[in-house]
Amino acid sequence: MCLAIPMCIVSIDDFSALCEARGQQRRVSLLPLFGESLAPGDWVQVHLDRAVQRMTAEDAAAAWEVFDLILAALEPAGAPTPATATGRSH
């Protein structure tokens, strides 16, 4: 199974973007979305350091809710999840 992680675009430089999620930043290729009008503040799904789909902030939040549920189920009782450890929403 492949997962695409919701990330928010911080800045764009030609065909790549600096994206952020949960306090982590990555340089992401925008080539798979060539022709899309993207700007800082937009959300994208990232797979293998490539933005594969544009998404709304609401869809990104919903995806992170699901990821948090999965992580909580995998963590020992009482262990902090990434969301609770950083206190960040994205």
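Analyst: A salt bridge here is a side-chain nitrogen of Lys or Arg within 4 Å of a carboxyl oxygen of Asp or Glu. Arg54 forms one with Asp42, with the closest N and O atoms 3.0 Å apart. The pair links distant parts of the chain: Arg54 is in strand E5, Asp42 in the loop between E3 and E4, 12 residues apart. Helices (H or I, at least four residues) and strands (E, at least two) are DSSP runs, numbered from the N terminus.

This is a predicted model: local features need pLDDT of at least 70, side-chain atom pairs count only at pLDDT 80 or more, and totals for chains, interfaces and linings use all residues. Residues are numbered from 1 along each chain as its sequence is written, and side-chain values use heavy atoms, with hydrogens and water left out.

Asp42 is buried, at 17% relative accessible area. Buried means under 20%, exposed over 50%, partly exposed in between (1.4 Å probe, protein chains only). Arg54 is partly exposed, at 36%.

Arg54 has another partner. Glu36 forms a salt bridge with Arg54, the closest N and O atoms being 3.9 Å apart. Glu36 lies in the loop between E3 and E4, so this pair ties together parts 18 residues apart in sequence. Glu36 is partly exposed, at 42%. Shared partners join Glu36, Asp42 and Arg54 into one network.

The structure holds 4 salt bridges. Among them is Arg26 with Asp49, at 2.5 Å from N to O. Arg26 sits in strand E3 and Asp49 in the loop between E4 and strand E5 (50-55), 23 residues apart. Arg26 is partly exposed at 43%, and Asp49 is partly exposed at 33%.
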